[in-house]
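Reader: I have a new chain to get to know, and I would like to walk through it with you. Could we begin with the overall picture and then look at the details?

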Amino acid sequence: MGKIVEIAGRGQFYLPTAWQDAVDEGEAPKMFVAGGSPNALLKHLRLEHAALITGSWQDMRRLLTTVEARKKELLGYVGQPRVARERARDYWAETYRQALARLLVTATPSGTLDTAPPVEVPYLLEFLGDQRHANQGLPLIVPILAVRHLQEMLGPKYPVFGLDHPLVAPDAVLQPRQQDVYELMQEALLALAPAMPAQIEALDMGCGSGALALLIAATWREKELAVWATDILPEALATTRLNVDRLVARGEITAGVVRVTDGGDLYAPVGDQRFDLVTFNPPWTNAPARTRLEVARYDWQQRTVLRFLAETPAHLKPDGHLLLFYSDNAGERVVASLHTHASDAGLHLQHSWSRRIRVARKWEYIYLYDFIAS
Ligand SMILES: C[S@@+](CC[C@H](N)C(=O)[O-])C[C@H]1O[C@@H](n2cnc3c(N)ncnc32)[C@H](O)[C@@H]1O
């Protein structure tokens with residue numbers, strides 16, 4: 001849950017959960033104009049107070065750069081950290097980040113920044129890690145730092161095999177770089193196409209950038225199709241929404257075909273709905289996910305993928321298929337455990353595709369399995 005911040009004469013604003021420390025409980029951020037001298041502002045930040053900036057977005061970014069460049073002044077008030085010397089570097093980096101995060105801008109609930117002229121940042125709240133209705137309709141107050149980072153992250157474009165237009169993905173979401181995944185997916189979709197009914201309902205579990213949902217929509221564009229895309233991370237849902245908007249605007253996919261859920265754990269967002277096709281490219285690495293960035297890659301003791309297998313038969317229509325990616329990077333025993341659990345859940349392997357790929361100087365196999373429920 002984020003924090004409600006009261007701004008004199010303007011009412012209540014929602015500060016996203018990840019940035020709660022930017023404003024103290026009961027504190028009313030003081031207003032500063034972006035184009036003015038930064039000295040008074042620096043003094044204000046040094047005293048650990050929050051500042052609400054007004055003006056143009058360009059001036060706000062410039063102001064942030066100026067404040068960043070005066071790091072020593074910004075941190076000058078802080079005494080020696082009471083942490084071990086080896087942790088002092090992290091302490092200073094975090095203190096600096098927190099000081100910069102106190103430079104704030106307000107935005108409408110849908111993410112249009114209160115700048116002159118206004119700047120639109122679609123799905124801002126979800127991109128900052130909160131569920132899309134977490135603000136309960138309130139306008140937002142967010143760090144300029146976070147918005148700038150997001151804009152930078154959404155700059156690079158990632159071409160995806162099988163799609164005519166590249167996708168965007170910030171660092172909290174799996175960037176679709178591993179083309180073998182999408183090549184295997186398209187091969188499987190082309191192989192399954194004749195067996196599919198006239199009207200297809202598909203689900204992309206753990207949609208990330210939306211690459212697989214969009215690939216289904218693009219590869220089966222001649223079919224009557226609805227593809228639900230879901231993920232546990234709001235950032236991933238926002239990324240999928242943005243990529244869907246972009247590909248719809250470019251005419252690559254039809255509006256309404258890809259439908260993004262409100263998100264949640266595994267099948268929770270789709271209730272008891274059943275599908276003709278479910279696909280999941282789950283986290284492959286056997287390690288605990290300690291940060292949001294690791295949720296896309298790490299699955300400690302296969303907890304997520306094994307739960308997913310157990311729940312899947314209840315979400316497949318008769319003759320429905322599961323296309324599941326996996327890798328042997330955690331060893332053959334882990335792959336064998338996947339097969340045992342699939343079989344215990346009543347899933348039968350119909351076919352598999354594989355590729356040998358090189359990841360971080362190590363060779364591994366990735367597999368795409370086609371299962372059906374008995
Ligand atoms: C390896 S990424 C795949 C992203 C995308 N489908 C692709 O292939 O490019 C795994 C995705 O699963 C999501 N995920 C992890 N645990 C989940 C859970 N319990 N429920 C739903 N999604 C989950 C992650 O947030 C991440 O987006």
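Author: Gladly! Keep in mind that this is a predicted model.

Reader: How many helices and strands does the chain have, and what radius of gyration goes with them?

Author: The secondary structure comes to 11 helices and 15 strands. For 374 residues the globule rule gives 21 Å, and the value for this chain is close to that, so the chain is as compact as a globular protein of that length. Its radius of gyration is 23 Å.

Reader: What share of the 374 residues counts as buried?

Author: The C-alpha trace spans about 70 × 45 × 35 Å along its principal axes. The chain exposes about 17,400 Å², and carbon and sulfur atoms supply 51% of that area. As for the residues, the share that counts as buried is also given as a percentage of the 374: 51%.

Reader: Now the open sheet of seven strands: which strands stand at its edges?

Author: The order is β11-β10-β9-β12-β13-β15-β14, with mixed pairing. A strand with a single partner has one side left without a neighbour in the sheet, so we look for the strands with one partner each: these are β11 and β14.

Reader: What does the twist of that sheet average from one strand to the next?

Author: Here the sheet with the order β11-β10-β9-β12-β13-β15-β14 is the one to follow. From one strand to the next, its twist averages 15°.

Reader: In the pairing of β14 and β15, which residue of β15 stands opposite R358?

Author: Strand β14 covers residues 347-359, and β15 covers residues 362-373. The two pair in the antiparallel sense over 12 bridges. Opposite R358 stands W363.

Reader: Two helices lie against this sheet; at about what angle does α11 run to β15?

Author: Helix α10, residues 303-311, packs on the sheet and touches β9, β12, β13 and β14, and its direction makes about 165° with that of β13. Helix α11, residues 332-344, lies across β13, β14 and β15. Its angle to β15 is about 5°.

Reader: Is strand β10 largely enclosed or left open, and how many of its seven residues are buried?

Author: Strand β10 runs over residues 224-230. Buried means under 20% relative accessible area. By that cut-off most of β10 qualifies, so the strand is largely enclosed by the rest of the structure, and the count of buried residues is six of the seven.

Reader: Which strands pair with β10, and what is the bridge partner of L203?

Author: On one pairing, β10 meets β11 (residues 258-260) in the parallel sense over three bridges, with V227 opposite V258. On another, β9 (residues 199-205) and β10 pair in the parallel sense over seven bridges. Within β10, the partner of L203 is W228.

Reader: Which helices complete the β-α-β units that include β10, and what is the handedness of these units?

Author: Going from β9 to β10, the unit includes helix α8, residues 211-219, and is right-handed. Going from β10 to β11, the unit includes helix α9, residues 234-249, and its handedness is likewise right-handed.

Reader: Let's turn to β5: which residues point one way from it, and which the other way?

Author: In a regular strand the side chains alternate between the two faces of the sheet. Strand β5, residues 103-107, is mostly covered, with five of its five residues buried. L103, V105 and A107 point one way, and the other way point L104 and T106.

Key:
Residues numbered from 1 in each chain as written. Predicted model: local features only at pLDDT ≥ 70, side-chain atom pairs only at ≥ 80, totals over all residues. Heavy atoms only, no water. Buried < 20%, exposed > 50% of the residue type's maximum accessible area, 1.4 Å probe, protein only. Helix = DSSP H or I, 4+ residues; strand = E, 2+ residues; numbered from the N terminus. Pairing = 2+ DSSP bridges. Right-handed = clockwise from strand over helix to strand, strands pointing away. Axes fitted to C-alpha atoms, helices over the stretch in contact; angles between N-to-C directions. Contact = heavy atoms within 4.5 Å. Rg over C-alpha atoms; globule rule 2.2 N^0.38 Å. Areas by Shrake-Rupley, 256 points an atom, 1.4 Å probe, with all protein chains shown as cover.
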